[in-house]
Amino acid sequence: MSTVDGKSDVLLQLNGISMQYGKGETAVTALSGVDLTVHAGELVAIMGASGSGKSTLLTIAGGLTTPTSGEVIVEGQWLSTASPAGIAALRRRTLGFVFQDFNLIPALSAIENVMLPLDLDGWKRRKARSAAMDALRSVELESRANHYPDELSGGQQQRIAIARAVVGTRRIILADEPTGALDSATGEVVLRMLRKRVDAGAGGILVTHDARHAAWADRIVFLRDGRVVDESVGHSVDTLLAPVAQP
Amino acid sequence: MSVRQSLLAILDQGPCYGYQLRTEFDRRTGSTWPLNVGQIYNTLDRLARDGLVEKLEASDASPDATSQIYFRITDAGRSEVAGWLGSPVERTAATRDELAIKLAIAVTLPGVDIARVIQVQRAATLRNLQELTKTKNATGDPETSENLAWLLIVDSLIFQAEAEVRWLDHSEARLARAAATGHAAPLPLGTEIPKRGRPTKVVPA
Ligand SMILES: Nc1ncnc2c1ncn2[C@@H]1O[C@H](COP(=O)(O)OP(=O)(O)O)[C@@H](O)[C@H]1O
Ligand SMILES: [Mg+2]
């Protein structure tokens, strides 16, 4: 499935994704016919106004929400035909979700919190510990490994949660406004971490409304009212000037 | 750009030749606004005229040097530098912004797809922002003073580009609201043809 040539290696593919919340008169169309491909070594930013469908797209890409129509293919697996156990395994091993809210377990130290998903996945203790330490280092918090959540600032707790989300060998990282609550210098730590992971062969989607953050991506996709805004921005005058209606 | 004060501030560190000043300026600004030697000498001439620097022959400093001219700051120059560093940079209220003018004109023209004009600009500004971010990421942590000075400038360009994207987003939303309420009608040419020549004087009552 994977090829050595990182660029041609498709990690995630969304084909014709549409999503409708609710039914009848109150139905909301969040996405219509969205296609998106993420290769290994590629970070794709999704931008768009609030309500344009960014978060919906991300939860669909991660198999947390089933689209009304369309196909999600994660590392060659069609989610529509995968078993619940298969999807759960993908979420444990392949997908890393970075969200704004963090639920660290207060009774566990920072490193124990980060190790948790690996423990659940049956990793050997020593191996899990060293992977967790790597993840903490990637968010520049290795010095806080043995601190408990209530001994850490909000921003530090969020970075611990991010380390937990990406720990191990996950190849697809899905981040929804991950820097939201962080000051701009700390936010940069998180973006640099994402960038490094992607440069090392992962694929990522970064949802953000901040152009400065989107600029860390290789490609920027705009959503407007649930549709991808045409990326092939033409420079020809013809495309800018519609025929003028004569009175 | 305050070339004048920047050069003066550098001269406050010690006398320099014209060419040397150029190198010092570039080194401190990451060559973002390269100055040519002509600009430097013009500025130095004006500074000398205003009594802020004095011209000296190199032979005054060392007997065997060729007769190259170098410049030394005066006391008046020093207090100008202190004044510059201690006061805010004044920005004139209505600096012509090419992009703002373009959008303002475009929105009044019938048949122009303004959303597309905005999208084309945003894509270009974002590409610029991506380049700047790459540059910044490649520069890494400021291990030298030159790197630090350079990063300050890159950051400034990044924040300017970000502001432009935010303004474009904002304009897009404003236009969408205006279109929804029917306030986005283009402006046809005025029917009254203005007289040639000077605008007519308004006679005070
Ligand atoms: N669980 C939900 N139930 C009903 N409507 C929803 C739900 N989640 C999102 N929506 C609607 O779908 C649209 C897209 O939302 P979302 O994906 O959260 O956009 P974004 O992340 O870009 O702000 C919005 O109109 C929102 O109100
Ligand atoms: Mg959202």
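In the predicted model described here, an oxygen atom of ligand 1 lies 2.8 Å from an N or O atom in the side chain of Ser55(A). This is a polar contact (a pair of N or O atoms within 3.5 Å; within protein, one must be able to donate a hydrogen and the other to accept it, and residues adjacent in sequence count only if both atoms are side-chain atoms). Lys54(A) also places a polar side-chain atom 2.9 Å from an oxygen atom of the ligand, while Tyr21(A) has one 3.4 Å from a nitrogen atom of ligand 1. Taken alone, ligand 1 exposes 560 Å², and the protein buries 57% of that; accessible areas come from the Shrake-Rupley method with a 1.4 Å probe, and for residues only the protein chains shown count as cover.

Which residues are around ligand 1? Among them are Tyr21(A), Val28(A), Ala30(A), Lys54(A), Ser55(A) and Thr56(A), where near means that a heavy atom of the residue lies within 4 Å. Helix 1 of chain A gives the largest share of this shell, three residues. By kind, the shell divides into four nonpolar, six polar and one charged residue; Ala, Val, Leu, Ile, Met, Phe, Trp, Tyr, Cys and Pro count as nonpolar, Asp, Glu, Lys and Arg as charged, and the others, Gly among them, as polar.

We can now turn to the sheets. In chain A, four strands form an open sheet in the order 2-1-4-5, with antiparallel pairing. Strands here are DSSP runs (E, at least two residues), as are helices (H or I, at least four), numbered from the N terminus, and two strands pair if DSSP finds at least two bridges between them. At the edges are strand 2 and strand 5 (77-78), each pairing on one side only. Ile73(A) stands opposite Trp78(A) in strand 5 of chain A.

Chain B has an open sheet of three strands in the order 1-3-2, again antiparallel in its pairing. Strand 1 (16-17) and strand 2 (53-57) are its edge strands. Two bridges join strand 1 of chain B to strand 3 (residues 69-73), and Tyr17(B) has Tyr70(B) as its bridge partner in strand 3.

Residues are numbered from 1 along each chain as its sequence is written, with chains lettered from A and ligands numbered from 1 in the order in which they are written. Local features need pLDDT of at least 70 and side-chain atom pairs count only at pLDDT 80 or more, whereas totals for chains, interfaces and linings use all residues; side-chain values use heavy atoms, leaving out hydrogens and water.
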